[in-house]
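User: I am new to this structure and would like to go through it step by step. Could we begin with the strands?
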There are 2 protein chains.
Amino acid sequence: MSDLPNRIFIKEEGPREGFQIERGDIPTADKIALIDALAQTGLKHIQTVSFVNPKRVPGMADAEAVVAGITPVEGVHYTGLWLNKQGFERAMATGKLYMDGKLTLYASEAFLKRNQNRTGDEQLKAQPDLLRSYQHAGVPVRTGFVTAAFGCNFEGDIPPARVVDLVRQMCAIARDNGEELTLIGLADTMAWATPERVKQVVGQVRDANPDVAISLHLHDTRGLGLANAYAGLQMGVTHFDAAVAGLGGCPFAKHAGAAGNICTEDLVQMCEEMGIDTGIDLERLIDCSLMAERIVRHPLPGKVKAGGSLRALRAKLAHAGHEGQG
Amino acid sequence: MSDLPNRIFIKEEGPREGFQIERGDIPTADKIALIDALAQTGLKHIQTVSFVNPKRVPGMADAEAVVAGITPVEGVHYTGLWLNKQGFERAMATGKLYMDGKLTLYASEAFLKRNQNRTGDEQLKAQPDLLRSYQHAGVPVRTGFVTAAFGCNFEGDIPPARVVDLVRQMCAIARDNGEELTLIGLADTMAWATPERVKQVVGQVRDANPDVAISLHLHDTRGLGLANAYAGLQMGVTHFDAAVAGLGGCPFAKHAGAAGNICTEDLVQMCEEMGIDTGIDLERLIDCSLMAERIVRHPLPGKVKAGGSLRALRAKLAHAGHEGQG
């Protein structure tokens, strides 16, 4: 009855997205405990920390200590985020992270200017050097990432053709240097996507790059996160970024820019209920979500952690039925 | 690129769904002020109150006073909810409400038993008498409503064929009594729907009743409200119930955590951004949403009221661009 994929892959972004914006100090031990619990849910890819300027992002000053404290689970890729050479070297130096070199272009020049103080041309020209520095360090480059691919608070709507062009440029840079991109990440950085826009952009990128997997990084600022994810599934998207409990957003705060990522357990519940395998134990993930809420000490936006999973409800009903018969 | 409808019709349920479950006393004047503000947004159908036992639902004890206080706007249908003859007579007696007689069957016998202390047979047998009492009172019967059409916390999954059968029975009762149902309401009373399930149930009901409009009453307990609405739009659904700011929840269903209807302004924003006309002024509606939050004195789940509408962002950017050129 539909072309939904049979299996999707979720990259958990909660520890990184969430803890870097929290105001209060989150104890390093709590960050480690959440990451270790997430690694027991079936998640195979957990982004743990950002290696950024501690003066700019004080919540990530303990990045090295967090990574050092993780008890690695076999088969789980622990990753970090970096925005420059310094950050990359810090990530490498941990010796514990799965290093995934990626190229990044911005669909919004206005946002690039604000975020990185660069022009689009400067960002483009920096990519081959970046790629070669990854090659030099023995880090494979498989991912091309488009920031603000669906719209921008500082520039407005983004034409899908521009996104297709940026992807083309990244694929060419990779190929010119003997690499092949296998994953294209499309980020709705400022929550401008709608389901129809997702279909349009993903459709055009997919048509131009039929052999490349597409990943969606969606924010729920305007409540369309899961509707957009569903539109992505309908277009055959198999990779999603998500944050446990919706960490990184606060349900009640005013968000000028980005609010939280889509909530991992809400995405898992939607997929599992539609017969799409995620490889994740939903009940364990809900436990992690409740743990995240205890750690940050304020309500987090995920819904299933409060409403309960349908699977748990079914199990309870089956048990009650059995008791009734017994 | 899609078969989405050009126009949808939203029935605002916030005042009724919301205020009946609030714990603190909501002043009657505040309820009236919200309803009057909602009537200025372009909404054409506002459900204002429930005529239920004030001992069971104390928040609705002032139903008559609320209706009496409304300043009617031409073209707006103000409605009320009732569950029995007494409630119907109270609604009629106001002389101010748009009276829409509807038949109601429950897809879950377990929920019907808990909610109305009736069996499915008893509920079915009560419908012709109900219909005739509407006819006797001069109230047209145009709507058939299926409660718990997608699943039930007390019974589990609901086979779509059962929903189709209930709709068939209601259409037959209407026809046998010289009426024709023109709208079928499918309620996801306890938030069991997923987008694929919505497509399945709506598809089967539509195939069996090609000339009848379908309305979706969706709850957001598990975060799938707007994804389910999008699935409905893809199936040509043109009528949606929604609650401003996400006010409310059903007092009779077992909901852990917050569990309101889908949020009106989030639905409006999604539709307008996809080129679907709602007839509603989104910015005015957001003002109503903020008003609702002030009235209940606690955060409400709607997202756009915090994240801002894309339309407002675009207007701001256009203004800034104009200033820059000037």
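User: How many bridges join strand β1 of chain B to β2(B)?
Analyst: This is a predicted model. In it, strand β1 (residues 9-12) of chain B is joined to β2(B) by two bridges, and these strands run parallel. Within β2(B), His45(B) stands opposite Lys11(B).

User: Which strand pairs with β2(B) over six bridges?
Analyst: That is strand β3 (residues 77-82) of chain B, and the pairing with β2(B) is in the parallel sense. Val49(B) has Gly80(B) in β3(B) as its bridge partner.

User: What does the chain pass through from β2(B) to β3(B)?
Analyst: It passes through helix α3 (residues 63-69) of chain B, giving a β-α-β crossover that is right-handed.

User: Why is β2(B) largely enclosed by the rest of the structure?
Analyst: Strand β2 (residues 45-51) of chain B has seven residues, and six of them are buried, so the strand is largely enclosed.

User: Turning to the helices, at what angle do α8 and α9 of chain B pack?
Analyst: Helix α8 (residues 195-208) and helix α9 (residues 225-234) of chain B pack at about 35°, and their axes are 8 Å apart. The crossing of α8(B) and α9(B) is right-handed.

User: Which residues of α8(B) meet α9(B)?
Analyst: From α8(B), Pro195(B), Val198(B), Lys199(B) and Val202(B) take part. They meet residues of α9(B) including Ala227(B), Tyr230(B) and Ala231(B).

User: What is the contact of α8(B) with α9(B) like by class?
Analyst: The contact of α8(B) with α9(B) has six nonpolar residues, three polar and one charged.

Conventions. Residues numbered from 1 in each chain as written. Chains lettered and ligands numbered in written order. Predicted model: local features only at pLDDT ≥ 70, side-chain atom pairs only at ≥ 80, totals over all residues. Axes fitted to C-alpha atoms, helices over the stretch in contact; angles between N-to-C directions. Helix = DSSP H or I, 4+ residues; strand = E, 2+ residues; numbered from the N terminus. Left-handed = near helix turned anticlockwise from the far one by under 90°. Contact = placed C-beta atoms within 7 Å. Nonpolar A, V, L, I, M, F, W, Y, C, P; charged D, E, K, R; others polar. Buried ≥ 20, exposed ≤ 12 C-beta atoms within 10 Å, placed from the backbone. Pairing = 2+ DSSP bridges. Right-handed = clockwise from strand over helix to strand, strands pointing away.
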